[in-house]
Every structure is written in structure tokens, then in C-alpha cells.
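Please open the model in your viewer and keep the selection panel at hand.

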Amino acid sequence: MKKFIALPLLIIGFLFQNCMQAGGPQGSSLTVTEFAAKIKATPKALVIDVRTPEEFAEGHLANAVNINWNGQDFDEQVAGLDKNEPLFVYCLSGGRSGAAASKLRSDGFKQVFEMEGGMMKWRAANLPEEAGAV
């Protein structure tokens, strides 16, 4: 009797999980090399550096936009972004970008990609960066 109950519940759980994934926000945490490759392969990639302007000026990814996660106007700045376009988010080590990515997903952004380990891992992998404010 237990087998007859368990199988339908398992099937319903599987279907529910797939439906939730299909309709909800997408994105993931990517290694620095995956992150770089995904940006390169994505037309109209919007790269968001969520560090402070001072950190951003010391070095950032090419074409990145600085939207300070701890700034008072973070919500204002992201409100004007297209929720259907992919977003690539990073910070120094991954903490702020993880929080920002979670917020962006809950705000309805469909594809949010986070860089694992942030600029610390990016620099450790000797990947290119630019200095100065944009």
C-alpha cells in the first residue's frame, strides 16, 4: 500500500519542482572562467559591480556598471533595468553580490548570474580588468 502512495507523491513533487523552475527566475553561481565565458557569449550582457565606487575605481570588469549594493539608491538604480535581460553580478568576494542577486531575483529579474569568489578569484585567475571610474 505504501508503494502506491509514495509513487504518485514522488511524481507530483517532481512535476511541481519542474514547474517552479520553468516559471521562476533563472541564473546561477558561476566560476570566474564560466562567468567570463557566459558574458562573452551573451549579447547585451549587463555586468553589475555592486562594490563601492572606491573599490570599483581600483579595478573592475570591462564594461561593468557600478551600482553600490550598500548605497541608498541601489533599488532606484536597478528599477530602470530590463527584467528580461541577463544580469551578471559580482563584488569583491561574493557576499554582496549573492545578496544583490537574491534581491534582483525576488524583484522579478529573469536571469541573474553571480560570480563565485568575486574579484578576489578573478584576480587570482589573472583575468583582465580595467581601472578607474567609468
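**Stop one: a helix and its packing**

Select helix H5 and colour Arg96, Ser97, Gly98, Ala100, Ala101, Leu104 and Arg105, which are buried (under 20% relative accessible area with a 1.4 Å probe, protein chains only). This is a predicted model, in which local features need pLDDT of at least 70, side-chain atom pairs count only at pLDDT 80 or more, and totals for chains, interfaces and linings use all residues. Residues are numbered from 1 along each chain as its sequence is written, and side-chain values use heavy atoms, with hydrogens and water left out.

After H5 comes Gly108, with a positive phi near 105°.

**Stop two: the nonpolar cores**

Next select Phe35, Val47, Leu61, Tyr90, Met115 and Trp122, the residues with the most contacts inside the largest nonpolar core, which has 14 residues (a set of buried Ala, Val, Leu, Ile, Met, Phe, Trp, Tyr and Cys residues joined through side-chain atoms within 4.5 Å). Its largest share, three residues, comes from H2. Apart from this core lies another, of 13 residues, among them Phe74, Cys91, Leu104 and Val112.

**Stop three: the lining of a pocket**

Which helix gives the most to the lining of the largest pocket? H2 does, with three residues.

Note on methods: Buried < 20%, exposed > 50% of the residue type's maximum accessible area, 1.4 Å probe, protein only. Helix = DSSP H or I, 4+ residues; strand = E, 2+ residues; numbered from the N terminus.
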